[in-house]
Amino acid sequence: MTAALQARHVSKTFGGNRVLDDVSLAIEPGEVHGLLGQNGSGKSTLIKILAGYQDADPGAELLIGGHRVALPLPSGQSQSLGISTVHQHLALIPSLSVVENMLLGRLGRSNAMALSWRKARAECAAVFQRYGLEIDPAATVSGLSAIERAMVAIVRAVEDLGLRSSGSGPGVLILDEPTPFLPKQDVETLFALVRRIVARGASVLFVSHDIDEVREITDRATVLRDGRLAGTIDTKASSRDEIIKLIIGRALRADRPASEVAQGAPAKVAVTGLSGGGVKGVDFDLQPGEILGLTGLLGSGFESVVYMLYGAIPRTTGTLRIEDETTPLAEATPARSIAAGTVLIPGDRNARAAIGILPIADNVTMPVLSRKLNKWFVRRGPMHQLAQDLGRQFGVVPNRPEQPLSSLSGGNAQKVVIAKWLQTDPRLILLDEPTQGVDVGARELVFDAIRGATRKGAAVICASSDYEQLAMLCDRVLVFADGRVGAELNGEQISKQSIAETCLRGASKLPDAL
Amino acid sequence: MKNLSASVAAPLKPWSRLNLAVEAERFGLVIALIVLFALFGVLQPGTFLSWGNISGMLGSQAVLAIVALALIVPLTSNDFDMSIANVLVLASVIVAVMNAQMGLSLWLAIPAALLSGLLVGAINGFFITYFRIHSLIVTIATGTFASGVATWMSGSQTISGVDFALMNYVIVKRLFGVPVVFYYAVLLALVLWYVFEHTAMGRRVLFVGRGREVSRLSGIDTDRVRWSALIASGFLGALAGILYCGTQGAADPSSGASFQLPAFAAAFLGSTAIQPGRFNAWGTLVAVYFLVIGITGLVFMGMSSFVQSLFYGGALLVAVVLSQWVRGRAEQQF
């Protein structure tokens, strides 16, 4: 039998860094094939190459339906060759109707002059009926539920595959992490759709972190580890532990004991009943000087916790107690949090943490203009002096407060952001991916600065999906699963491997892990 | 590790040392203004260089300068106030109707006019921040509404007969031969420069304009800042309306709207000078008089008044292109 898609010797090098090394992948017609691997395993690079967004290094071969396809794929043309990708963000326009979204790709390429919406709606309804979907083509996408939106995007991708001129098999649909934000029963609905799609002859490449889902829906799976092929497995015949072992590359240890009870001193910070968005009633507390890590897989809810505690996400409930002050989080705002000694260092530096076009001095003095400077007479001199002192203290190079922040390297810009907040001597420091896009040397300085703050008694909560960073920085790590704390790792138990393993175990939406 | 900066810092040259390109950029518009002035002076020495013309240019266009200065307040927080010229009309009509038609004192008419500006600004801010509608659309709507109210109040008539005291304190009295209204504009520029440059409040407006999410996460109440900026432009627009009424001694419900485009042109052109890349008071003032000199000079050369539209329209486009170039061609976030 000819494979629906066969990729051989795919490598990709960024700078001197080889992120994909001689990976091969074969997908049979009518097969659901899983693609597994941790963050940084090369999974997303491989998908980008197959989708035509990135070129592979020379030497790679790609066959679709047995026909050799020239690499690199012409940008945006992979669909006409038989590969259609549904990304996690779905690429739907929420304010348009379902039928308009269904026609998006087709209208983008054609110059049809006499569109009949009545006919388009009827065709769309017929397509939905074929796949067993009960969605009104005239409805607005923003009014659909998450699962309905996902199914519209998937059906659109499959239908667009059918429009190809060249007949090289029924084609391959890539589903890139379609499930993390879906509840369990909706995942079943989605799987039913996937089964109907493969029953019609197409193949599906199913990319996911969730091992149980991969075992349920796929026939075989390819596992990547550190950019290399770790193995291709028959998923039905493999146990969960065997798959985890293949993903993280070593044998599984026995289950961990339940979390240790915090010893001695009364907690400095206590969070109770934190709920809202994807978080469902979370409690935890911190000792003075403790660095607590929060992690989990995409969609597990950990990434919004720090923003919720800061009062930056509306409709949050629960309480935050710092020492003996208790704040209901429904009333928290960033300004009140800062006044109470809580600071947040956001992850996305350019969009949330600093303004690149403004000088370093303006960025770093932003939260203290009224406190450390005369607010009715802000002078450049004292402002630059303040910024210069902070730059020296946090090792910003070059330390020139009048330069725009965007002139600094990523690591130095991050030092400015850290300095901006740590100068206020906060009691609670909230971090979101504190070293994203930061080189190794600067990372050490950032860690030093955070540890320095804990020596003054501050408690730190650090949300990150960089397990190595968590292992280096944290005293304790909470692993989230499905909006709750799924597991807690303490002291000796914390390593890059153990965090990865716990995340993968916790990803199960089935209760077998508990 | 912490000493890293010290070892690198030693050979640094001071970044702020006079840099010719930077200075040329800052003062380019000032130089262009001087060149233009000299050019028309040489071409039309008798008329253009007469003191009457010079003081006339300074005085008669001071209202435009005040409108342009008012605009840079919401522009700095990244909101457009398209209602400002109509607020000017409304305020001038309120003064004229209350004072000339109803016979009320200026002490009542002027506060009422200022209140109307505050009100329009507050309404703008409410719709923009509460309903999250783009400022461009909200202010076009409220501006059109204000213009309707002004036309209704005045019965579509020019209302003259405003108390001479107003004209006296706007255009008649002179200091060093220049009508006092010019000094009002300079005073406003000074105040705005101080607020934006030297108060925490003014810096917050800039932060909100340049990084709304960064500002929100830095504990700045971004809605309040945007709202305040719009109220300020409404108030200053009304102030400009009162002064406009003073320069004319009358209120005309149809003429004031022509301030909108030149004011925008001046604000954007001003953002390429003095503090390039930022809307700034002194740059705006220079830009207003650059445009005024250009138009007056061309009219003296025998061009018809249509040259005004050509010049303002062209200047707005050139200004936006220049300011984009100064920003390094980053996408404008409207």
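Visitor: Which residue stands opposite A:Ala270 in strand 14 of chain A?

Guide: That's A:Arg321. Keep in mind as we go around that this is a predicted model.

Visitor: What makes strand 11 and strand 14 of chain A a pair?

Guide: The test is at least two bridges. Strand 11 (residues 269–276) and strand 14 of chain A have five bridges, so they pass and count as an antiparallel pair.

Visitor: How do you know that strand 14 of chain A pairs with strand 15 of chain A?

Guide: Same test: at least two bridges are asked for. Four bridges join strand 14 to strand 15 (residues 325–328) of chain A, so this too is a pair, again running antiparallel. The two strands form a hairpin with two residues between them, and A:Glu323 takes a positive phi near 50° there.

Visitor: Which residues of strand 14 of chain A are on the covered face, and which on the uncovered one?

Guide: A:Gly318, A:Leu320 and A:Ile322 make up the covered face of strand 14 (residues 317–322) of chain A. On the uncovered face you'll find A:Thr317, A:Thr319 and A:Arg321. Side chains in a regular strand alternate between the two faces of the sheet.

Visitor: Let's hop over to chain B. Why is B:Leu58 called buried?

Guide: The cut-off is 20 or more other C-beta atoms within 10 Å. B:Leu58 has 20 C-beta neighbours inside 10 Å, so B:Leu58 counts as buried.

Visitor: Where is B:Leu58, and what does B:Leu58 touch?

Guide: B:Leu58 is part of helix 3 (residues 51–60) of chain B. Leaving out residues up to four places away in sequence, B:Leu58 touches B:Val178 and B:Phe182. As for B:Phe235, that residue is 177 residues away along the chain, and 23 Å separate its C-alpha atom from that of B:Leu58.

Visitor: Which residues of helix 10 of chain B are buried?

Guide: B:Arg203, B:Arg204, B:Val205, B:Leu206, B:Phe207, B:Val208 and B:Gly209 are buried there. Their cover comes from both chains: it includes helix 13 (360–365) and helix 14 (369–372) of chain A, along with helices of chain B, among them helix 4 (62–76) and helix 9 (180–198).

Visitor: How many residues does each chain give to the contact?

Guide: Chain A gives 36 residues and chain B gives 23. On the chain B side, helix 1 (4–9), helix 10 (200–210) and helix 11 (212–217) each supply at least two residues. That side of chain B divides into 10 nonpolar, seven polar and six charged residues.

Visitor: Which residues touch the most other members of the largest nonpolar core?

Guide: They are B:Ile66, B:Val67, B:Leu69, B:Val95 and B:Leu291, in a core of 251 residues. Helix 12 (residues 222–248) of chain B provides the largest share of this core, 15 residues. Chain A takes part too, with at least three residues from each of domain 1 and domain 2. As for B:Leu291, its contacts beyond four places in sequence are B:Pro262, B:Ala265, B:Ala266, B:Phe311, B:Tyr312 and B:Ala315.

Visitor: You mentioned domains. Where are domain 1 and domain 2 of chain A?

Guide: The domain assignment puts domain 1 at 5–248 and domain 2 at 269–513. Taken over C-alpha atoms, the centres of the two are 35 Å apart. Their contact takes 13 residues from domain 1 of chain A and 12 from domain 2 of chain A. On the domain 1 side, helix 8 (211–217) and helix 9 (240–248) of chain A give two or more residues each, and helix 9 has the largest share, three residues.

Visitor: Where is the pLDDT of chain A below 50?

Guide: Chain A has a mean pLDDT of 84, with 92% of its residues at 70 or more. Residues 251–262 are one stretch below 50, with 12 contacts beyond near neighbours in sequence. Another is 509–514, with six contacts beyond four places in sequence. Chain B averages 87, but its residues 1–17 are below 50. Where pLDDT is low, the predicted coordinates should not be read in detail.

Visitor: What ipTM and pTM does the predictor give the complex?

Guide: The ipTM is 0.77 and the pTM is 0.79.

Definitions and conventions:
Residues are numbered from 1 along each chain as its sequence is written. Chains are lettered from A and ligands numbered from 1 in the order in which they are written. This is a predicted model: local features need pLDDT of at least 70, side-chain atom pairs count only at pLDDT 80 or more; totals for chains, interfaces and linings use all residues. Domain bounds come from an automatic or database domain assignment. Two residues are in contact if their C-beta atoms, placed from the backbone, lie within 7 Å. pLDDT is the predictor's confidence in each residue, from 0 to 100. A residue is buried if 20 or more other C-beta atoms lie within 10 Å of its own, exposed if 12 or fewer, and partly exposed in between; C-beta atoms are placed from the backbone. Ala, Val, Leu, Ile, Met, Phe, Trp, Tyr, Cys and Pro count as nonpolar, Asp, Glu, Lys and Arg as charged, and the others, Gly among them, as polar. A nonpolar core is a set of buried Ala, Val, Leu, Ile, Met, Phe, Trp, Tyr and Cys residues joined through C-beta atoms within 7 Å.
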